[in-house]
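Biologist: I would like to learn how to read a structure, one feature at a time. Please start with the general idea and then turn to the case at hand.

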Amino acid sequence: MKCVVSVLGKDRTGIVAAVATVLTECGANIDDISQTILGEDEIFSMTMLVTLNPEVCGFDATQDRLTAAGAQMGTQINIQREDVFRFMHEV
């Protein structure tokens, strides 16, 4: 199952590592990743395309774990199924 993961928050050490760790523990593969620091306020923004393995960890469980990791870091982490993401952004 392809999914889009987005992360937004104040830049700090360990964000990429924390998200990657959760995804690894959930049996997901990171297919693509893009990240940047926005503006003088150093807002961290990252988007990932990942492939989930529902046999290891389902979408809802992965979402819960990413949300918990985001709360610990003070960041917002969202995950959407790629098909839903694409549908929402079609004109």
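This is a predicted model: local features need pLDDT of at least 70, side-chain atom pairs count only at pLDDT 80 or more; totals for chains, interfaces and linings use all residues.

Modeller: Residues are numbered from 1 along each chain as its sequence is written, and side-chain values use heavy atoms, with hydrogens and water left out.

Biologist: In what order do the four strands form the sheet?

Modeller: Helices (H or I, at least four residues) and strands (E, at least two) are DSSP runs, numbered from the N terminus. Two strands pair if DSSP finds at least two bridges between them. Here the order is E2-E3-E1-E4, in an open sheet with antiparallel pairing. E2 and E4 are at the edges with a single partner strand each, so one side of each has no neighbour in the sheet. On average, neighbouring strands are turned by 15° against each other, direction ignored.

Biologist: Over how many bridges do E1 and E3 pair?

Modeller: E1 and E3 pair over nine bridges, in the antiparallel sense. Lys10 stands opposite Ile43 in E3.

Biologist: Which strands does H1 touch as it packs on the sheet?

Modeller: Contact means heavy atoms within 4.5 Å. For directions, axes are lines fitted to C-alpha atoms, for helices over the stretch in contact, and angles run from 0 to 180 degrees between N-to-C directions. H1 touches E1, E2, E3 and E4, and its direction makes about 20° with that of E3. H2 also packs on the sheet, touching E1 and E4, and its direction makes about 165° with that of E4.

Biologist: Which residues touch the most other members of the largest nonpolar core?

Modeller: In soluble globular proteins, nonpolar side chains tend to be buried together. Buried means under 20% relative accessible area, exposed over 50%, and partly exposed in between (1.4 Å probe, protein chains only). A nonpolar core is a set of buried Ala, Val, Leu, Ile, Met, Phe, Trp, Tyr and Cys residues joined through side-chain atoms within 4.5 Å. The largest one has 21 residues, and Val5, Val7, Val19 and Leu66 touch the most other members. At least two residues of this core come from each of E1, H1, strand E3 (43-51), H2 and strand E4 (75-81). Apart from neighbours within four places in sequence, Val19 is in contact with Val7, Met46, Met48, Leu66, Met73 and Ile77.

Biologist: How many salt bridges are found in the whole structure?

Modeller: A salt bridge is a side-chain nitrogen of Lys or Arg within 4 Å of a carboxyl oxygen of Asp or Glu. A search of the whole structure finds two. One joins Asp31 and Lys2, with the closest N and O atoms 3.0 Å apart. This pair links distant parts of the chain, Asp31 in strand E2 (residues 29-38) and Lys2 in strand E1 (residues 2-10), 29 residues apart. The other joins Arg65 and Glu25, whose closest N and O atoms are 2.6 Å apart. Arg65 lies in helix H2 (residues 59-73) and Glu25 in helix H1 (residues 15-25), 40 residues apart. Arg65 is partly exposed at 35%, and Glu25 is partly exposed at 48%.
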